[in-house]
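Let's take a quick tour of a protein model. Have the sequence and the 3D view open side by side, and look up each spot as it comes along.

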Amino acid sequence: MASRNFISDIRWRICFLLFIATTLNYMDRQILSILAPELQKEIGWDEIDYSRIVAAFTFAYSAGLMLSGRFLDWIGVKKGFAIGVGGWSLAAAAHAIATTPFGFGVSRAFLGLTEASNFPSALKATAEWFPKKERAFATGLFNCGSNVGVICAALLVPFVTLRWGWRMAFIVQGALGFVWLAFWWLYYKKPQEHASVSKEERTHIESDQDKTVSPRLPFKQIISYRQTWAYAAAKIMTDPVWWFYLFWLPKYLSKDHGVTLGTLTLPLIVVYLLADVGSVGGGWLSIYFEKRGKSHLEARKLAMLVCALCILPTLALPFVTDMWSAVLLVGLAAAGHQGWSANAFSLPSDLFPSTSVGSVAGFGHSLGSFAGVLFQLAVGYVLQWNGSNYAPVFFVCGSAYIAAWFVVTRLLKNQTVVAHT
């Protein structure tokens with residue numbers, strides 16, 4: 001077996017490119033939530049306006065996911081991902097010309113539509129470049145970018161905004177995407193086409209992959225499988241919670257704990273550093289359980305259970321008055337979510353032939369995002385109605401994952417890998 005050499009093995013360099021893309025993806029989407037308290041004063045939106053802006057992003061993201069999976073299976077991950085990153089970089093910069101809630105909504109919708117390519121692309125690239133036994137770990141590594149992106153945004157956005165204004169923060173972020181795009185286009189190829197891949201590494205990549213060439217499964221057939229709905233359930237029941245933390249956490253910290261733009265950076269760094277630990281740890285957990293005799297799927301489910309239990313303590317958040325205690329509880333939940341996601345993201349490549357991974361991932365992720373649309377709108381109306389009391393929201397967020405785990409395990413009971421047709 002090839003060693004896990006992060007320097008010479010090409011697959012880990014590909015994983016690094018996926019990590020950077022995910023970092024940029026989350027920097028783009030996080031800018032607005034960091035600036036929300038300030039823009040709320042300058043532009044004049046209320047809780048419902050903000051929920052609609054957030055929902056515009058999430059709805060377009062959901063639609064993009066529904067399309068991007070099939071698109072990637074058709075055009076290939078290299079071209080498909082390049083189109084996605086170029087599009088979302090333009091969309092990020094377009095926020096700089098918005099002056100009304102509607103203008104921000106349009107910019108967010110375009111951003112959501114194009115950013116939808118990130119995870120189906122990264123998962124498809126991971127399926128091409130990694131054996132099954134390493135995919136959860138590789139997914140956890142590139143998924144760390146979602147946390148690092150928030151940290152980078154927390155460092156960059158206040159710095160740029162306080163010196164050159166909030167519009168420049170969006171412009172700078174858009175430019176970074178095009179820098180990444182150049183590296184991706186020059187470097188990415190499939191393992192069998194990449195001249196720098198050693199024979200040893202290629203053998204390792206193909207060590208537990210099914211080499212049977214199969215056609216893409218028809219979409220109608222894909223949605224008939226319980227395995228598809230298990231992945232969809234994992235996304236539908238938990239993605240809305242992650243969207244809530246991404247878009248509402250700065251507003252919650254401002255409202256309940258008096259955190260300002262100038263003091264927001266450190267709390268966000270703490271939350272998302274903990275999330276990084278969870279992202280890598282969740283992928284490691286499945287390897288740990290598998291080495292101790294559990295089947296591949298059993299190891300996934302056990303790791304997801306551990307992560308779900310880490311999120312239950314957020315039920316206590318409405319009763320917490322100390323800011324740092326709240327930050328640590330949210331950080332534990334973020335770690336649990338990312339560990340959950342590292343394993344959930346790997347389910348499509350575990351359960352389906354590689355030619356249909358993008359379609360399954362896009363379908364499940366799309367439904368999760370659509371559920372996020374409804375949840376963000378509901379959050380806005382609830383907070384407007386109850387005077388920004390976050391207690392009912394945290395009750396839903398704290399209990400969602402353990403409920404999702406029961407649903408997923410039920411759907412996957414006695415299920416096996418989908419056969420080629």
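Here is a short briefing, sorted by topic. Keep in mind that this is a predicted model.

**The cavity**

- The structure has 1 cavity of 30 Å³ or more, and the space in the largest cavity comes to about 100 Å³.
- How do you spot such a hole at all? Rolling a probe the size of a water molecule over the atoms shows where empty space is left.
- A total of 15 residues line the largest cavity. If you want to find its centre, look for Tyr26, Asp239, Trp242, Phe345 and His365, which lie nearest to it.
- Which elements give two or more residues to this lining? They are α1 (10-43), α6 (132-164), α11 (239-257) and α14 (323-344).
- Sorted by class, the lining is made up of 6 nonpolar, 6 polar and 3 charged residues.

**Salt bridges**

- The model has 7 salt bridges. Here are some of them.
- Glu47 pairs up with Lys251, and their closest N and O atoms are 3.5 Å apart. Glu47 sits in helix α2 (residues 47-75) and Lys251 in helix α11, so this pair ties together parts that are 204 residues apart in sequence.
- Are the two partners buried or exposed? Glu47 counts as buried because its relative accessibility is 11%, and the cut-off for buried is under 20%. Lys251 counts as buried too, at 8%.
- Lys235 forms a salt bridge with Asp239, with 3.2 Å between the closest N and O atoms. Lys235 is buried, with a relative accessible area of 3%, and Asp239 counts as buried at 6%.
- Asp256 and Lys255 make another salt bridge, and here the closest N and O atoms are 3.6 Å apart. Asp256 is partly exposed, with a relative accessible area of 37%, and Lys255 is also partly exposed, at 46%.
- Which residues are linked in a network of salt bridges? Asp9, Arg11 and Glu134 are.

**A nonpolar patch on the surface**

- Leu90, Phe110, Leu113 and Phe178 form a nonpolar patch on the surface. Together they have about 370 Å² of accessible area.
- Leu90 has a relative accessible area of 51%, and since exposed means over 50%, Leu90 counts as exposed.

**A residue with a positive phi**

- Ser388 is not a glycine, yet its phi is positive, at about 60 degrees.
- Where is Ser388? Look in the loop between α16 and α17 (391-411).
- Ser388 is buried, with a relative accessible area of 13%.

**Sequence distance and space distance**

Sequence and space can be compared pair by pair, going from C-alpha to C-alpha.

- Thr355 is in the loop between α15 (347-351) and α16 (357-386). With a relative accessible area of 23%, Thr355 is partly exposed. Thr355 and Glu128 are 227 residues apart in sequence, and 9.9 Å apart in space.
- Leu217 is in the loop between α8 (199-205) and α9 (219-222). Is Leu217 buried or exposed? Leu217 is buried, with a relative accessible area of 0%. From Leu217 to Leu351 you count 134 residues in sequence and 13 Å in space.
- Met304 belongs to helix α13 (residues 296-311), and at 1% relative accessibility Met304 counts as buried. How many residues apart in sequence are Met304 and Pro158? They are 146 residues apart, and the distance between them in space is 35 Å.

Conventions. Residues are numbered from 1 along each chain as its sequence is written. This is a predicted model: local features need pLDDT of at least 70, side-chain atom pairs count only at pLDDT 80 or more; totals for chains, interfaces and linings use all residues. Side-chain values use heavy atoms; hydrogens and water are left out. On a 1 Å grid over the protein atoms alone, a cavity is a set of points where a 1.4 Å probe fits but cannot get out, and a pocket is an open set with protein on both sides within 12 Å along at least five of seven lines; lining residues have an atom within 4 Å of a point. Grid points are joined across faces, edges and corners, and a volume is the space filled by probe spheres set on the points. Helices (H or I, at least four residues) and strands (E, at least two) are DSSP runs, numbered from the N terminus. Ala, Val, Leu, Ile, Met, Phe, Trp, Tyr, Cys and Pro count as nonpolar, Asp, Glu, Lys and Arg as charged, and the others, Gly among them, as polar. Patches are made of residues with over 30% relative accessible area and no salt bridge: like charges are joined within 9 Å, nonpolar side chains (Val, Leu, Ile, Met, Phe, Trp, Tyr) within 5 Å. Accessible areas come from the Shrake-Rupley method with a 1.4 Å probe; for residues, only the protein chains shown count as cover. A salt bridge is a side-chain nitrogen of Lys or Arg within 4 Å of a carboxyl oxygen of Asp or Glu. Buried means under 20% relative accessible area, exposed over 50%, partly exposed in between (1.4 Å probe, protein chains only).
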